[in-house]
Amino acid sequence: MAGLVKRMSLIFKAKANKALDRAEDPRETLDYSYTKQLELLQKVRRGVADVATSRKRLELQAQQLQQQSDKLDGQARVALSQGREDLAREALTRKSALTQQIADLQTQHVSLQAEEEKLTLASQRLQAKVDAFRTKKETIKATYTAAQAQTQIGEAFSGISEEMGDVGLAIQRAEDKTQSMQARAGAIDELLASGALDDPTGTAKDDIQSELDRMASTSQVESDLAKLKGEIAGAPATQAIEGASTTTQTAPSPATPAEANQQPEASS
Amino acid sequence: MIIRILGEGQFEVADHTVEVLNTIDSKLQAAVDADDEPGFHHALDELLALVREAGARVADDYLGPSELVLPAAESTLEEVRALLGDEGLIPG
């Protein structure tokens with residue numbers, strides 16, 4: 001029984017041979033293949049850029065979700081310090097949903113990063129092979145005799161064709177990955193935009209924040225009120241004393257203008 | 001013998017390693033036939049580890065083809081089956 005690997009290898013070889021057989025003049029095959037190689041190089045570089053863009057988008061989203069999670073954590077603390085366990089519980093429940101999302105994003109981020117590295121290496125390998133192929137192609141064309149060219153071309157052509165097949169598959173895999181990731185990223189963007197996860201900039205207020213603000217303003221009102229009450233309750237006594245001393249001090253001053261005039265000099 | 005791991009590049013592997021490789025290859029085929037995904041991953045991981053360890057990396061500018069082509073790491077059974085079933089799936 002032929003193993004799986006052998007069957008797969010045969011498929012790659014058959015593919016290269018088929019392309020080679022199509023050409024009437026082997027030199028045309030070389031030029032055509034070289035054009036294809038350059039196109040593929042462009043494509044793999046674009047692939048690397050696309051994956052990097054997706055990766056950065058994930059990073060940004062994870063950052064936003066993290067900010068939101070930190071905010072909920074802070075709200076839970078404030079709520080608890082004010083004895084509102086129900087509100088703290090609500091904030092922590094929302095936080096745990098976010099934590100799950102963040103962990104999910106991080107897993108995807110790792111996988112995208114691996115994909116980016118793989119594609120970068122693939123593009124380096126392809127570049128090296130394309131350069132080698134160009135040199136070989138010119139040599140073959142310069143010393144061309146139909147008989148020897150066929151075999152010389154065959155070797156180089158199968159090698160590069162295999163590499164191109166490999167790189168092509170890598171690009172497809174990366175595209176599939178970024179596509180499914182973009183769909184999920186889009187869903188998170190919508191969620192962030194809808195306010196369901198609250199506004200990470202903190203400009204719009206969520207219900208927990210409103211409740212905390214209401215509590216804070218209530219307690220501020222209470223403490224202001226208590227302060228005012230204290231001031232008013234203590235006021236009559238002090239006013240009476242101050243009033244008494246003022247009258248005793250100011251009463252004699254008109255009678256003794258000399259003393260009154262000297263006072264500023266003495267104090268200064 | 002030169003062996004390619006898809007997504008990783010080419011490795012030069014000694015003949016005695018290829019014998020071991022053939023045994024694992026049979027396991028891999030059996031797993032695919034039996035639709036045994038865990039068995040498939042196990043055999044594939046074993047196969048790739050063997051080539052990476054026993055093999056020496058071929059220079060990037062080497063232009064020759066490989067004797068054998070191995071599926072990429074983390075390939076699913078379905079992906080490999082698609083590769084085998086349809087030549088058109090290999091781009092380039």
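How many salt bridges are there between chain A and chain B? Here are some notes to read alongside the model.

1. Some ground rules first. This is a predicted model, where local features need pLDDT of at least 70, side-chain atom pairs count only at pLDDT 80 or more, and totals for chains, interfaces and linings use all residues. Residues are numbered from 1 along each chain as its sequence is written, chains are lettered from A and ligands numbered from 1 in the order in which they are written, and side-chain values use heavy atoms, with hydrogens and water left out.

2. Back to the opening question: the count between chain A and chain B is four salt bridges. That term means a side-chain nitrogen of Lys or Arg within 4 Å of a carboxyl oxygen of Asp or Glu. One to look up is A:Glu162 with B:Arg4, whose closest N and O atoms are 2.5 Å apart.

3. Now the wider meeting of the two chains. In contact (heavy atoms within 4.5 Å) are 36 residues of chain A and 41 residues of chain B. The chains bury about 3600 Å² between them, 60% of it on carbon and sulfur atoms; buried area is the accessible area (1.4 Å probe) that two parts lose on being put together, summed over both.

4. Which helix of chain A gives the most to the side that touches chain B? That's α4(A), with 14 residues. By class, this side of chain A has 14 nonpolar, eight polar and 14 charged residues. For the classes, Ala, Val, Leu, Ile, Met, Phe, Trp, Tyr, Cys and Pro count as nonpolar, Asp, Glu, Lys and Arg as charged, and the others, Gly among them, as polar.

5. On a 1 Å grid over the protein atoms alone, a cavity is a set of points where a 1.4 Å probe fits but cannot get out, while a pocket is an open set with protein on both sides within 12 Å along at least five of seven lines; lining residues have an atom within 4 Å of a point. The largest pocket holds about 660 Å³ of space. Of the 32 residues lining this pocket, the closest to its centre are A:Leu169, A:Ala170, A:Arg173, B:Ala72 and B:Ser75. α3(A) gives the most to the pocket lining, with nine residues.

6. The largest cavity has a volume of about 40 Å³. A:Glu162 from point 2 turns up again here, lining this cavity with A:Phe12, A:Lys13, A:Ala16, A:Ser158, A:Ser161 and B:Ser66. Those lining residues divide into two nonpolar, three polar and two charged.

7. Finally, salt bridges over all chains: a search of the whole structure finds 25. One of them pairs A:Lys137 with A:Asp31, the closest N and O atoms being 3.0 Å apart. This pair links distant parts of the chain, with A:Lys137 in helix α3 of chain A and A:Asp31 in helix α2 (residues 26–81) of chain A, 106 residues apart. Helices (H or I, at least four residues) are DSSP runs, numbered from the N terminus.

Technical notes. Grid points are joined across faces, edges and corners, and a volume is the space filled by probe spheres set on the points. Helices (H or I, at least four residues) and strands (E, at least two) are DSSP runs, numbered from the N terminus.
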